[in-house]
Amino acid sequence: MSPTKKIIIANWKANPTSLDQAKSLFEATVKAATQYPSVQTVVCPPFVYLEELSTWLKSQAGDKTVSLGVQDVWEAAGPFTGEISPEMVRGLGVQYVLVGHSDRRYKLGESDELINRKLKAALQAGITPVLLVGEKEAEDYRQDILIDQMARDLEGLNAEEVAKVLVAYEPVWAISTSANSRPDTPENTLEAIGMIKEILHKNWQLNADQLQILYGGSVNETNAVNFLSHPEIAGAVIGGASLKPEEFAHILQLVNNVQK
Ligand code: PGA
């Protein structure tokens with residue numbers, strides 16, 4: 001992957017409700033993505049659709065512009081009722097996993113300790129973790145929250161491992177389904193990305209140019225270019241708009257054009 005290729009991650013969450021709908025959304029997404037090779041498109045469907053979509057994707061000879069991701073993963077196979085291990089999803093061609101999404105942190109009570117364990121397991125299995133961090137309310141003191149989340153979530157990882165983690169700044173108040181949500185401003189996002197890079201430099205001696213930091217929160221066809229035209233914003237995590245095939249295709253086209 002060229003270092004300048006933007007990464008656009010479709011986070012479908014618990015959508016859509018049938019396999020047929022999932023297949024048609026995925027086929028439309030892949031069809032669009034193959035037209036825009038300057039973008040690395042990652043689709044994270046619910047687990048139940050993964051095998052079918054993975055088989056179909058493999059049948060699309062030579063397609064490398066779309067990768068599969070998952071929205072969560074547990075540490076290992078074994079006595080963990082209801083869970084899925086990194087090896088299981090890797091066997092289906094999964095290359096990315098979302099870790100620490102605010103839906104899981106705040107609606108499902110996932111702790112930083114669990115996030116840390118999941119990150120380590122994903123890295124060990126050779127799956128790229130996408131670590132989502134960000135404050136809950138716009139008024140929250142962001143810097144302290146980022147410092148605290150990253151210290152706990154990345155605890156025990158060495159610099160080489162941390163460099164493999166994609167960090168996404170996703171303020172919870174900006175997620176389209178949050179109450180009174182609104183997209184962040186690119187200026188505010190750039191500031192947060194600066195803080196994240198500083199934390200990674202201070203604790204793991206990583207340099208800004210080694211790091212790809214993404215943004216998430218109400219990215220749509222109207223604002224995508226405002227964010228993604230900045231070289232410091234390496235990509236986006238997109239929820240709501242990734243479920244609308246025409247809008248998502250338009251976002252990929254716009255981001256592809258930014259890269260030219
Ligand atoms: P949104 O979701 O694009 O609908 O705001 C982003 C996310 O929750 O990852």
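# Reading a predicted model: questions and answers

The secondary structure of this protein, a predicted model, comes to 10 helices and eight strands.

User: What makes the radius of gyration of the protein agree with that of a compact globule?

Analyst: For 260 residues, a compact globule would have a radius of gyration near 18 Å. The protein has 17 Å, so the value agrees with the rule. The C-alpha atoms fill a box of roughly 45 × 45 × 35 Å along the principal axes.

User: How many of the 260 residues count as buried, as a percentage?

Analyst: The share is 51%. The protein exposes about 11,900 Å², and carbon and sulfur atoms supply 50% of that area.

User: What share of the contacts between residues at least 6 apart in sequence join residues at least 24 apart?

Analyst: In this protein the share is 75%.

User: Which residues have the most contacts inside the largest nonpolar core?

Analyst: They are Ile 8, Leu 154, Ile 196 and Leu 200, in a core of 66 residues. Helix H8, residues 186-204, gives the most to this core, with seven residues. Apart from it lies another core, of 13 residues, among them Ile 7, Tyr 96, Leu 132 and Leu 166. As a general point, nonpolar side chains in soluble globular proteins tend to be buried together.

User: What does Ile 8 touch, not counting residues up to four places away in sequence?

Analyst: Ile 8 touches Val 39, Gln 40, Thr 41, Val 42, Leu 228, Ala 236, Ile 238, Phe 248, Leu 252 and Val 255.

User: Why is Val 130 called buried?

Analyst: A residue is buried when its relative accessible area is under 20%. Val 130 has 0%, so Val 130 is buried. Val 130 is found in strand E5, residues 128-133. Beyond residues up to four places away in sequence, Val 130 touches Ile 9, Tyr 96, Val 97, Leu 98, Val 99, Leu 166 and Ala 168.

User: Why does Ser 67 count as buried?

Analyst: The cut-off is again under 20%. Ser 67 has 4% relative accessibility and therefore counts as buried. Ser 67 sits in strand E3, residues 66-70. Its contacts, leaving aside neighbours within four places in sequence, are Gln 40, Thr 41, Val 42, Val 43, Gln 95 and Tyr 96. Cys 44 is 23 residues from Ser 67 in sequence, and their C-alpha atoms are 8.8 Å apart.

User: Is Val 237 buried or exposed, and how do you know?

Analyst: Val 237 has a relative accessible area of 2%, so Val 237 is buried. Val 237 is found in strand E8, residues 235-238. Not counting residues up to four places away in sequence, Val 237 touches Ile 9, Asn 11, Leu 132, Ala 168, Glu 170, Leu 214, Tyr 215, Gly 216 and Gly 217.

User: Is Thr 17 buried or exposed, and how do you know?

Analyst: Exposed means over 50% relative accessible area. Thr 17 has 72%, so Thr 17 is exposed. Thr 17 lies in the loop between E1 and H1. The C-alpha atoms of Thr 17 and Ile 175 are separated by 21 Å, and the two residues are 158 residues apart along the chain.

User: Is Lys 13 buried or exposed, and how do you know?

Analyst: Lys 13 has 19% relative accessibility. The cut-off for buried is under 20%. Lys 13 therefore counts as buried. Lys 13 also lies in the loop between E1 and H1.

User: What makes phi of Lys 13 worth a remark?

Analyst: Phi of Lys 13 is near 55°, a positive value in a residue other than glycine. Most residues other than glycine have a negative phi. Ser 218 has a positive phi too, near 60°. Ser 218 is found in the loop between strand E7 (213-216) and helix H9 (224-228). At a relative accessible area of 16%, Ser 218 is buried.

User: Which peptide bond is cis, with omega near -15°?

Analyst: The bond is the one from Asn 15 to Pro 16. Most peptide bonds are trans. Pro 16 is placed in the loop between strand E1 (6-11) and helix H1 (19-35).

User: How many positive and negative charges does the protein have, and how far apart are their mean positions?

Analyst: There are 23 positive and 33 negative charges. Their mean positions are 4 Å apart.

How values were computed: Residues are numbered from 1 along each chain as its sequence is written. This is a predicted model: local features need pLDDT of at least 70, side-chain atom pairs count only at pLDDT 80 or more; totals for chains, interfaces and linings use all residues. Side-chain values use heavy atoms; hydrogens and water are left out. Helices (H or I, at least four residues) and strands (E, at least two) are DSSP runs, numbered from the N terminus. The radius of gyration is taken over C-alpha atoms; the globule rule is 2.2 Å times the number of residues to the power 0.38. Buried means under 20% relative accessible area, exposed over 50%, partly exposed in between (1.4 Å probe, protein chains only). Contact means heavy atoms within 4.5 Å. Accessible areas come from the Shrake-Rupley method with a 1.4 Å probe; for residues, only the protein chains shown count as cover. Lys and Arg count as positive and Asp and Glu as negative; His and the chain ends are not counted. The place of a charge is taken as NZ of Lys, CZ of Arg, CG of Asp or CD of Glu. A nonpolar core is a set of buried Ala, Val, Leu, Ile, Met, Phe, Trp, Tyr and Cys residues joined through side-chain atoms within 4.5 Å.
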